[in-house]
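Thanks for taking a look at this one with me.

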Amino acid sequence: MAAAPHLRRSDSAHGEFSPLKRFVVAKKKISDVFEQLLNYVKETSEFVEETCGNKALENIASQDQKREIQAYADKLAVIKEVLARRHMKVAFFGRTSNGKSTVVNAMLRDRVLPSGIGHTTNCFLSVEGTDEDKAYLKTEGSDEEKSIKTVNQLAHALHMDESLDAGCLVRVFWPKTKCALLRDDLVLVDSPGTDVTSELDSWIDKFCLDADVFVLVANSESTLMNTEKHFFHKVNERLSKPNIFILNNRWDASANEPEYMEDVRKQHTDRCVNFLVEELKVVDRDQAPNRIFFVSAKEVLNSRMQRAQGMPEGGGALAEGFQERLKEFQCFERRFEECISQSAVKTKFEQHTIRAKLITEKVKSIMDAINIEAAEKRVAALEDREYQMDRLEFVKNQLNLLINEIKKKIKAISEDVESKVSCAMGEEICRLHVIVDEFHCDFHPSSHVLKIYKSELLSHVEEGMGKNLAFRCSDAVNASVQCSQKYMMESMLPLLPSSAQSQVHMLVPSRKFDLSYDLNCATLCNDFQENIEFQFSLGWTVLVHRFLGSVNAQRALRLVDQNFQASRPALALTPSSGPPSMTAPPNNETAVMTNEDLMVAVATNVASLTSRTSMSVLIVGGVVWRTVGWRLIALSGSLYGLLYLYERLTWTTKAKERSLKRQFVDYATEKLQLIVSFTSANCSHQVQQEMAATFARLCQQVDETQRELEAEIRKLTAAIDQLETVQSHSKTLRHKATDLEKQLEVFTNQYLQPQQ
């Protein structure tokens, strides 16, 4: 343990270091420590307040911790102010006219307080130093500074103030430049005689509880009086083992009776030792003699004032043995200074040091708690962020896999739908005549009625084929689409947060998916032209058409009849009339058929007849002609005429309607065959759009989930950075608390531990 430097003061008034400096140095050190501690606690208070106010750092620091640290800051501010006012205090007591004021003046090396014949202290007087160059006093209850230049002015001011009584305090401020003792934060309190009042308890409560040393100024020409003992008994009851010195003043009187001096000294010493040891029990018997001194304060004051004026210290009328009495007074001063410096440091600073240690420990524990809480939350945030990052990576990878898989699935379903619709439409085209036969409407060969009839027939065919296609395909397609949508939804569920999983069914349409078969028969068969004029089945024109074909028949008929009008409406095309590519050319492109072309056509059709066993009929006809002759020809002509008459009579409106329907079926069949691939592709595209739209909505939800995860990751990263800052700051503050604890411990070991 490092001991404080042992400081001494010589008898010189010019200020060599004294033990009193120990208190001054200790006060400066503890004040510096408290200044640092107060700033530290304020810093921690701001830190905790900032942490509490940050919503992102919820539950890291509590409001209770904030209030607790603020309370510590308030306490430290009060203690700091108290420390600034702390000083060493010595109180002088004794009976009236025992020389208390003279002892104070001797210690101050100047006549500061009124003393001597005719002067008695009628109230408590405290003498303390001031940095100003003039002396002044303040009375109790007033801040007015009353200037005093001489001791006489002070005595006059005290006696003229009628409001002052024995229980009042007058504070005398004396320039430090005039008195070295007052430079060391020492306050000397002079008191009225203990025999002038019975209100000793109020004196003790008011002036003695903060005193570090008590000096009992006794009269060596008499013994200790009961009033003096009674007062110190009361002090001993209020304070635990007060530091008491006994000065037997006016010891210069013993020089008149040198033969009795030692005996008287021994009597006084024994009585004082018994009083301190047996009655008050404030010191041990071995230490008690070091608290008892025999002095002459008046002699010491005079000699010191002479020395201050440059005169010999021992000059003037001094009694025999002055040097011994001077040395004993100096010995008293030395022991008094050692005692008061140690006592004052302990009494004035020990409790504050203990409280500072407790506050530092409490604040440090709060910083530890904040650091631990921040560390736990940081670890949790790191784990949460890692989980969120893993989940984000999983969502991205899984979404990419699902996109490829769903694309293939949509393609497969679309192709399957296209195949089903194509097949169903082919079958429906084959049974188109059934749909047409089911059509019933008023029919008349007039052009106006025919237009309405064909329009309604087209609507009927489109509606009928649409219903049939829907019956064949829609249920299967709808089931396939719903199954695929359900698969999409189930595949996407693991990629969505639990809050969104319950809402995912809203992204899939609950309606039944229906294909739209847009056959557009009105446009497709817009150029259909019926031929419902009477055509004899064995007529020349019909036979030519059947024998030569539609195109060649028209050419042949032009050669026979030059008046044949090419603009005459052609027969409605049927499968037997040849493909669409063989239809008659426009009127402005009427071809001229030569004899060679006609012969080629005849030869071609003869070959066709041969392939259809028509040649056998001709041979049989020739044989019959030769066998039966003209009768058969007449009979045949009769039958031909009857057949013509029959067909002519049966060519009614119904027959015309049937002929129109038959022609329409042949025409529409060929036209519908052309749009099979287009319609099936359109249906496939509808399915593809429906499934792609559903998948897009699900992907959009997953994208939203990704954005939420990224936002959460950014939020966690920011929180982690803040928590790291909190940890770092709390550790720094904790280290500061440790440094302050070390400083307090050093101060305790240096100033508060017993001196070795």
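How are H2 and H9 oriented to each other, roughly parallel or roughly antiparallel?

1. A word on the basis. This is a predicted model, in which local features need pLDDT of at least 70 and side-chain atom pairs count only at pLDDT 80 or more, while totals for chains, interfaces and linings use all residues. Residues are numbered from 1 along each chain as its sequence is written, and side-chain values use heavy atoms, with hydrogens and water left out.

2. Helix H2 (residues 63-85) and helix H9 (residues 322-430) have axes that come within 11 Å and cross at roughly 155°. H2 and H9 are therefore roughly antiparallel to each other (angles over 145 degrees). Helices here are DSSP runs of H or I, at least four residues, and strands are E runs of at least two, numbered from the N terminus. Axes are lines fitted to C-alpha atoms, for helices over the stretch in contact, with angles from 0 to 180 degrees between N-to-C directions.

3. On the H2 side, the contact (heavy atoms within 4.5 Å) includes Tyr-72, Leu-76 and Ile-79, and on the H9 side its residues include Phe-349, Ile-359 and Val-363. The residues of this H2–H9 contact divide into 13 nonpolar, two polar and four charged.

4. Val-41 and Leu-188 have the most contacts inside the largest nonpolar core, which has 84 residues. A nonpolar core is a set of buried Ala, Val, Leu, Ile, Met, Phe, Trp, Tyr and Cys residues joined through side-chain atoms within 4.5 Å; buried means under 20% relative accessible area with a 1.4 Å probe, protein chains only. H9 supplies the largest share of this core, 18 residues. Apart from it lies another core of 58 residues, Leu-399 and Phe-513 among them.

5. Helix H3 (residues 100-108) packs on H9 at about 80°, the axes being 12 Å apart. That makes H3 roughly perpendicular to H9 (65 to 115 degrees). Val-103, Ala-106 and Met-107 of H3 meet Phe-329, Phe-332, Glu-333 and Phe-336 of H9.

6. Lastly, Ala-255 sits in the loop between strand S8 (243-249) and helix H7 (261-280). Ala-255 counts as buried because its relative accessibility is 19%. Leaving aside neighbours within four places in sequence, Ala-255 is in contact with Ala-319, Glu-320 and Arg-325.

Key: Angles under 35 degrees count as roughly parallel, over 145 as roughly antiparallel, 65 to 115 as roughly perpendicular and the rest as oblique. Ala, Val, Leu, Ile, Met, Phe, Trp, Tyr, Cys and Pro count as nonpolar, Asp, Glu, Lys and Arg as charged, and the others, Gly among them, as polar. Buried means under 20% relative accessible area, exposed over 50%, partly exposed in between (1.4 Å probe, protein chains only).
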